[in-house]
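Dear colleague,

Please find the structure below, handed over for your own work.

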Amino acid sequence: MTECSSPRTSFTPRTQARQVDKIWGQDCFPIGQTVERNPPFSKPALCALLLLSLVSCSNEDEQSRKRMQEILSWSASAEMILDARLGARVPEGFTDLAVERCQKEISDLSSQLPQTPRYDQARAAAARFNGLIAAAHDEIRHGRFEQSQQHLVELRRHEAEQRATSGAAG
């Protein structure tokens with residue numbers, strides 16, 4: 001019978017970290033036998049994991065940038081439709097449906113942005129776009145064209161600011 005001892009009592013702290021708790025299904029192992037333990041992550045595996053996390057963050061950033069481009073595109077569409085309505089170039093029914101669709105798309109895309117503090121500004125910008133679109137649309141419906149024009153100017157300004165700060169200038 002092999003003499004066994006607990007790994008906690010028979011080894012020094014320096015070698016204890018290099019021991020395997022079980023060898024060949026035994027709860028203990030022969031006195032004085034040490035076995036090298038492979039690190040949980042080898043250098044290539046650790047490098048691959050780090051690279052994967054960087055690519056993942058980069059991919060998330062790229063997807064978020066594309067979402068912001070789409071939000072800006074829908075906002076610009078609503079702006080053009082409202083501007084066309086101001087010039088009586090499109091009917092009211094079309095304007096109502098098209099603006100509603102633009103606002104829905106902006107909201108949907110905004111909800112797809114990561115729910116992290118880093119994207120709070122982008123979500124706030126999307127909400128601001130929808131608010132300005134709704135205000136301009138409401139002013140047009142009530143015949144207040146000058147006020148509507150002011151909302152559209154403010155919308156354009158916010159879109160330009162967001163393009164500059166988000167890198168979504170594509």
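Helices (H or I, at least four residues) and strands (E, at least two) are taken as DSSP runs, numbered from the N terminus. On that basis the protein has 6 helices and 2 strands, in the sequence order β-α-α-β-α-α-α-α.

Please note that this is a predicted model, in which local features need pLDDT of at least 70 and side-chain atom pairs count only at pLDDT 80 or more, while totals for chains, interfaces and linings use all residues. Residues are numbered from 1 along each chain as its sequence is written, and side-chain values use heavy atoms, with hydrogens and water left out.

Of the 170 residues, 29% count as buried, meaning under 20% relative accessible area (1.4 Å probe, protein chains only).

Pro-114 lies in the loop between H4 and H5 and is buried, with a relative accessible area of 15%. Leaving aside residues up to four places away in sequence, Pro-114 is in contact (heavy atoms within 4.5 Å) with Glu-60, Ser-64, Tyr-119 and Arg-123. The C-alpha atoms of Pro-114 and Asp-61 are separated by 9.3 Å, although these residues are 53 residues apart along the chain.

Kind regards

Key
Buried < 20%, exposed > 50% of the residue type's maximum accessible area, 1.4 Å probe, protein only.
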